[in-house]
Amino acid sequence: MELKKSNAPNKEPDFGRLEFYLLGLIVCSLLAFSIETALDSDSALIPYLHLFEWVSVIIFTVEYIARVALTKPVGSYALSFMGLIDLLAILPFYLSGILDFRALRAVRLLKLFRALKLIRYIRALDRFRSAFNSIKEELLIAAATAGVVLFLAAVGIYYFEKDAQPEQFGSVFHSLWWATATMTTVGYGDVYPVTVGGKVFTFFILIIGLGLVAVPTALFATAMTSAKKSFKRPAKSKTKD
């Protein structure tokens with residue numbers, strides 16, 4: 001198989017069918033990592049899982065080096081988001097030999113970055129990225145509005161409940177936990193109002209919270225529908241002989 005090298009700026013090489021095999025290898029490596037966490041340290045499968053990890057990391061390393069070498073301009077891939085993700089997917093394996101055992105546990109968690117490599121090979125996520133880019137300004141406004149309402153909710157419940165429950169609502173910062181759980185409609189039930197005014201206030205906050213969650217959801221659903229239509233291939237026109 002021949003790798004295609006493009007002269008376009010910031011254009012990564014096209015690995016063709018190899019990308020599907022890399023996708024399968026990513027899934028298998030994540031599965032092997034998960035199996036390893038469920039086994040005892042003296043299990044007979046451990047050596048085989050470690051061997052598989054060696055092989056997969058070597059393949060990912062070769063892939064990373066190939067992308068760095070073939071992407072123009074040189075260094076653009078290494079500094080890109082996907083380049084950093086690919087580096088973080090293999091770096092813990094090499095760092096594990098120079099760190100002590102206590103740090104090794106934390107470093108091994110970075111192997112979960114390997115899951116993010118799936119972003120590269122699932123083409124349908126291009127529609128997700130396109131939809132997000134088309135409504136990022138609206139999402140920013142919705143997030144800012146939610147932040148303001150969240151703060152106002154915390155201030156309101158603080159004034160209603162501070163005397164009745166000074167431990168749970170002793171400050172606005174304490175009240176932010178209740179405001180977050182209520183506005184997101186999670187409702188853990190560990191902190192809740194007991195006064196009449198607090199309960200009435202909670203009712204209105206719940207209604208507002210439903211609206212704040214629904215607006216971004218509707219925006220993103222509409223954007224995804226538009227992105228799906230724009231990514232559809234145009235139908236081939238039939239010509240008469």
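Tutor: Keep in mind that this is a predicted model. Let's start with G209.

Student: What makes G209 count as buried or exposed?
Tutor: Its relative accessibility is 0%. Buried means under 20%, so G209 counts as buried. G209 lies in helix α9, and its C-alpha atom is separated by 9.4 Å from that of T180, 29 residues apart along the chain.

Student: How do you know that the span of α8 agrees with its number of residues?
Tutor: Helix α8 covers residues 172–183, which is 12 residues. Just after α8, T185 has a positive phi of about 60 degrees.

Student: Which residues of α8 are buried, and what do they pack against?
Tutor: They are S175, W178, A179, A181, T182 and M183. These buried residues pack against α7 (136–161) and α9 (196–230).

Student: Why is α7 called oblique to α8?
Tutor: The two axes come within 8 Å and cross at roughly 120 degrees. Roughly perpendicular would be 65 to 115 degrees and roughly antiparallel over 145, so α7 is oblique to α8. The crossing of this pair is right-handed.

Student: Which residues make that contact?
Tutor: On α7, they include L150, F151 and Y158; on α8, W178, T180 and M183 are among them. The residues of this contact divide into 14 nonpolar, 2 polar and no charged.

Technical notes:
Residues are numbered from 1 along each chain as its sequence is written. This is a predicted model: local features need pLDDT of at least 70, side-chain atom pairs count only at pLDDT 80 or more; totals for chains, interfaces and linings use all residues. Side-chain values use heavy atoms; hydrogens and water are left out. Helices (H or I, at least four residues) and strands (E, at least two) are DSSP runs, numbered from the N terminus. The expected span of a helix is 1.5 Å times one less than its number of residues. Buried means under 20% relative accessible area, exposed over 50%, partly exposed in between (1.4 Å probe, protein chains only). Contact means heavy atoms within 4.5 Å. Axes are lines fitted to C-alpha atoms, for helices over the stretch in contact, and angles run from 0 to 180 degrees between N-to-C directions. Angles under 35 degrees count as roughly parallel, over 145 as roughly antiparallel, 65 to 115 as roughly perpendicular and the rest as oblique. A crossing is left-handed if the near helix is turned anticlockwise from the far one by less than a right angle, and right-handed if clockwise. Ala, Val, Leu, Ile, Met, Phe, Trp, Tyr, Cys and Pro count as nonpolar, Asp, Glu, Lys and Arg as charged, and the others, Gly among them, as polar.
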